[in-house]
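Keep the viewer open and follow along.

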Amino acid sequence: MSENVTLTIDGKDITGEKGQTIMDAALANDIYIPHLCHHPDLAPYGSCRVCTCLVNGRPQTACTFPISDGMEVENDTDTVNEMRKQIVEMLFVEGNHYCMFCEKSGNCELQALAYRFGVTTPRYPYQFPKREVDASHPNVWIDRDRCVLCARCIRASKDVDGKHAFDFAGRGPNRHISVDAADGIEHTPVDADDKAVQVCPVGSLMLKRQGYKIPIGQRKYDHEPIGTDIETGASKKQ
Amino acid sequence: MSFGGPEVCHTKQERLTMSESLQSAIKEICEVVGNDRTQMMEIVEQVQDRFGCVSSEAMDLIAQQMNCHRVEVMSVVSFYSFLSEKPKGTVVIRLCNDVIDLMKGANHAADAFRDELGIEFGETTPDGKITLEWTPCIGMSDQAPAALINDEVVTYLGSDGARNIARQLKEGTAPSKLVGRLGDGNNANDLVKSMVHNNIRNAGPVVFAEGIVKGDGLKKALAMSPREVINDVKNSRLRGRGGAGFPTGMKWDFTRQADGDKKYIFCNADEGEPGTFKDRVILTEKPDLMFEGMTIGGYAIGADEGILYLRGEYAYLRAFLDDVLANRRDAGLLGKNICGKGFDFDIRIVMGAGAYICGEETALLSSAEGMRGDPKNRPPFPAQKGYRDCPTAVNNVETFCKVTRILEKGPGWFSEIGSEGSAGTKLLSISGDCHKPGVYEVPFGIKLREVMDLCGAEDVQAVQIGGPSGRLVGKDSMDDQICYDHLATGGSLMVFSRKRNLLKKVLNFMEFFEEESCGYCTPCRVGNVLLRKKIEAIVNGEGEPADLEYLQTLGETVKTCSRCGLGQTSPNPVLTSLESFRDVYEAALKPALKDGSQPEFDIRAALRPAEAIAGRASSHFAE
C-alpha cells in the first residue's frame, strides 16, 4: 500500500506517493518540470540542475528531492525559469554545439530547452573546447563536442545493460566521458541496441547511419516545444 | 607513502621486467586489502607510489584483480591531482601557489626551479627524474612560500633555497635529506622529522590547554550512557568547527537514531580551504585529543569503526598518527573492550590524494569508498545513509578535540566560553600581511579588530574570512565579532595590506575553484570558468561597467543552483568583494570612449594576432 502525500506545485494541489521525487509526482500529474539529465528509466542523478525548483523557498532539484506533505514547490515562475535559462546557456557555451550541422537537430533535448526558454544566443562567451570524437565502433559513435555530462549513458550501461561501458574521467572543466577500454569504444561490449545508446539527450552518443532517417521538419520538437506532451497528457497515452 | 615514483624504463627488456613486476605488485597490493573495491584509493596510491604512475596497463591489471571495470579505475585515477596515468619523475616538486605563497614570493622560488631544472611547470626533466608542478594551498600559509618534495615539506622557500634544492635533487639527494633544521614540538619527532613549525601564537583554554590527561574525557564518557554523552554535547552548544557550524550533538543524535546496526564515525582531516592550517597543528600536537573525540563519538552514535580521512598533503604525518593509534591501543583506549567497559572501537586512516572537494563531507565519503570524489545527492544525509550506505557522522578535527574536553570538564564549562550563539573557542589560522602568522585559539565573539591586533596586522586593507569560500571584508567590519552569526569561519583568516591588488586575489581564488570543482553539476563546472574569465578580463584592464552586473547575476546563479557546498560558495570571492570593494572594481574598468559609449568588442585587439602574421597593420585602421 502506498501512502499518499499532498503538495503544491505553483499553487496547484497535487497528490503523490510517499518516496516519490518531485519530478515523478509532477510527471504523474501532467506538470512539466524542465529537465535534461533526468530520464524516467534511470536512477536520479541531479547533475544538469535544469530542474531546479524552489522548494519551500530553497533551491532543490526536482529529480532528486523527495516529496513531503505540505511541500510548496515553485516551478514555472520567472525567477526559476531565468536561472534555468542561464544553465542551458552555460551548457551551450561549454561544448561545441553546431545545431545546423547536427543530425540530432529537432530531436535534441538541449536544443529544445533552448527554444522553450527563448534562448536566441548565449549571453556567455563560447569556450570552444577541444574534445575527442570516437568513431571506432562499427555501429555507434561518440562526439564529445556535444556531450552535456548528464551521465545517462553511464547509468543506462551500468544499471540497465549491465555493462558499465562508460564512466566519467577527469574533473572540473576537464570532466569527460571515458569508455571501458584503452583504445576506443570498439573494444567495449557496447551494442547498437543498448539502452545507453538510446538515451543520449543530445547528439553525443549516436547510432551510425541513422542521422537523417527522420527528415528535418518531422522531428520530435519541430512543431511543439519540449514538455508539451507532458502538459497535454499526451505522453501518458502513448 | 610517497607520491613520487621511480625512474622511467627505456629498454625493451626493462619494460618487460617492469610489466611482470607491475603484475605481481598489483596482485600483492590488492590482496593486502582483501581485493576490497572500497579500498581503491589505497591501491592506486600504492601503485602510483611504486611505479610513478597508474599506467593504462596498471589500470587493466587492477581491474582484473579487483573484478571491476577498467573505466572505474580510470575514473578514480583521473580525478586526483596526486595520481596520474602518465609517468612522473622519481621526485615531484609541488610548489604551492595560493595567494599567501604568491604574496610571500613563491614566484621567485618558481623561477629558480625553472632555471635550475630547465623545465616548465607541468613538465618532467628529460632524464625522468624530477617533475615540477604547482599545487593549491598545502596548509603552510604561516610559513610560506612552501612546497612538497614528494611527501617532505619545505618551508620559507626563497630563490636561493629553491635553487639549492633543485641542485641537490639533480645530484640524486633523497627528498628526506633536504629537510634542514627540524621544526618545534612533534615536528621533530622521529616519525615526522619535518621542518614545519607549529606557530601556536595563542594557546586558549580548550584545545591548547596545558596538562590534559590522555583518557580522562573518554573514561567519563564511558561511565555515562550514549544518550547522556549526546546530551552533554548538546548542552555544551558545540557546533561544527569545519565551517558549516551544524550542532554536533544534533548530528550525533540523528546518526544514533538512524536505522542500521553498522555505523561509522569519520574525522574530516582534509583541511584544504586555502589559508587554513590549524588542523595540521592539532594533528601534530594534539592527535590524542582528536582520536579520543572520535572514540567518544563512536560510543555516542553506536559505531565500532572510525576513519580519519587525511589529506594527501599531510602524508608526512601518517606514520606518526599510526603510531599514536598504536599507543592508544596499547593503553586500552582503542580496540576491544575499551577501558574495560565492553566498548569495542578502532580507528584507521584513509589518505586523500589532492582534491579540495573531498573536504565536502559526501565527497569525502565517496573518496573513502574508493571512488572519485564526487559529492552525493542529499537527501539522504550521511546521518541516514553515509559510508557504505550506513549511518555516518562526519566531524572536523577541531570539533573532536572540543568533544573530548567537554566530556572531561563538563558542558557548562565549555558553553560559558565564547558568545551567546557561538559557544567555546575557535582555532584561527592567520596568514598574510601580519607580523605573527600562526594558530590562535580565541573565544568566539572576539572582534576582528582585536584579532588584527593580536597577530600584528598593520595597514589592513581587507581580510579574507573563512578562506575563499568565505567573505572578503574591509575596515567596516573591524568591529564585527568572529562567530557563527557574524564573521563565520572554518578557521582561515588571510590579511591583505593596502599595497595588495585585491582583484588579483579574487582571480587567484576563482582559478582555485575552477581547478577544484569536481565538474558534476553545470553551474559549478561552467559558471566558475566564466566568472574567472571575466575577473581576468577586468584585471587585464578589459572590464566594462556592464561586467559588474554580469558577475553579480552569474555568481548568484552558481550559488543558488550548484549541487554542493563548493559551488554554493565558490562565487563568494566575487560577490563579497563586489559588496565590500566595489570602488576597486570601478577603478579597474575601462574608461568610456569620448562619445560615452562602451564598446564590448575591441577590434584593434582582436586584429592584433592577424596583423602579427601578416606583418603589417590593417589598412582599415591605417593612420
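A salt bridge here is a side-chain nitrogen of Lys or Arg within 4 Å of a carboxyl oxygen of Asp or Glu. Side chains of opposite charge can pair when their charged atoms come close. This is a predicted model: local features need pLDDT of at least 70, side-chain atom pairs count only at pLDDT 80 or more, and totals for chains, interfaces and linings use all residues. Residues are numbered from 1 along each chain as its sequence is written, chains are lettered from A and ligands numbered from 1 in the order in which they are written, and side-chain values use heavy atoms, with hydrogens and water left out.

Over all chains, the structure holds 55 salt bridges. Take B:R114 and B:D111. Their side chains meet in a salt bridge, 2.7 Å from N to O. Helices (H or I, at least four residues) and strands (E, at least two) are DSSP runs, numbered from the N terminus. B:R114 and B:D111 are three residues apart in helix 6 (residues 106-117) of chain B, so about one helical turn separates them. For accessibility, buried means under 20% relative accessible area, exposed over 50%, and partly exposed in between (1.4 Å probe, protein chains only). B:R114 counts as partly exposed at 23%. B:D111 is partly exposed too, at 42%.

Now move to B:R405 and B:E408. Their side chains also meet in a salt bridge, 2.7 Å from N to O. They sit three residues apart in helix 15 (residues 397-409) of chain B, so about one helical turn lies between them. Both B:R405 and B:E408 are buried.

A:E109 pairs with A:R152, their closest N and O atoms being 2.9 Å apart. A:E109 lies in helix 3 (residues 109-116) of chain A, and A:R152 in helix 4 (residues 152-160) of chain A, 43 residues apart. A:E109 counts as buried at 15% relative accessibility. A:R152 counts as buried at 2%.

Some charges join into a network. Salt bridges link B:R241, B:K278, B:D279, B:E398, B:K402 and B:K426.

Next, the nonpolar interior. A nonpolar core is a set of buried Ala, Val, Leu, Ile, Met, Phe, Trp, Tyr and Cys residues joined through side-chain atoms within 4.5 Å. The largest has 187 residues, and those with the most contacts inside it are A:F166, B:I62, B:Y80, B:W252, B:M290 and B:Y585. Helix 12 (residues 287-301) of chain B gives the largest share of this core, eight residues. A second, separate core of 23 residues includes B:F113, B:I119, B:I149 and B:L178.

Contact means heavy atoms within 4.5 Å.

Strands of a sheet pair through backbone hydrogen bonds, either parallel or antiparallel. Two strands pair here if DSSP finds at least two bridges between them. Chain B has an open sheet of five strands in the order 2-3-1-4-5, with mixed pairing. Strand 2 (123-124) and strand 5 (152-154) of chain B stand at the edges, each with a single partner strand, so one side of each has no neighbour in the sheet. Strand 4 (residues 147-149) of chain B pairs with strand 5 of chain B in the antiparallel sense over three bridges. Within strand 5 of chain B, B:V153 stands opposite B:L148.

Now the domains, whose bounds come from an automatic or database domain assignment. Chain B is assigned domain 1 (12-77), domain 2 (91-175), domain 3 (234-415), domain 4 (425-500) and domain 5 (504-588). The C-alpha centres of domain 2 and domain 4 of chain B lie 28 Å apart. Six residues of domain 2 of chain B and nine residues of domain 4 of chain B make the contact. Buried area is the accessible area (1.4 Å probe) that two parts lose on being put together, summed over both. These two domains of chain B bury about 570 Å², of which carbon and sulfur atoms give 69%. On the domain 2 side, B:I100, B:M103 and B:D142 lose the most area, together 70% of what that side buries. The count of salt bridges between domain 2 and domain 4 of chain B is zero.

Finish at the chain interface. The contact takes 40 residues from chain A and 42 residues from chain B. Chain A and chain B bury about 3,300 Å² between them, 57% of it on carbon and sulfur atoms. Three salt bridges cross this interface. A:R175 forms a salt bridge with B:D374, the closest N and O atoms being 2.9 Å apart.
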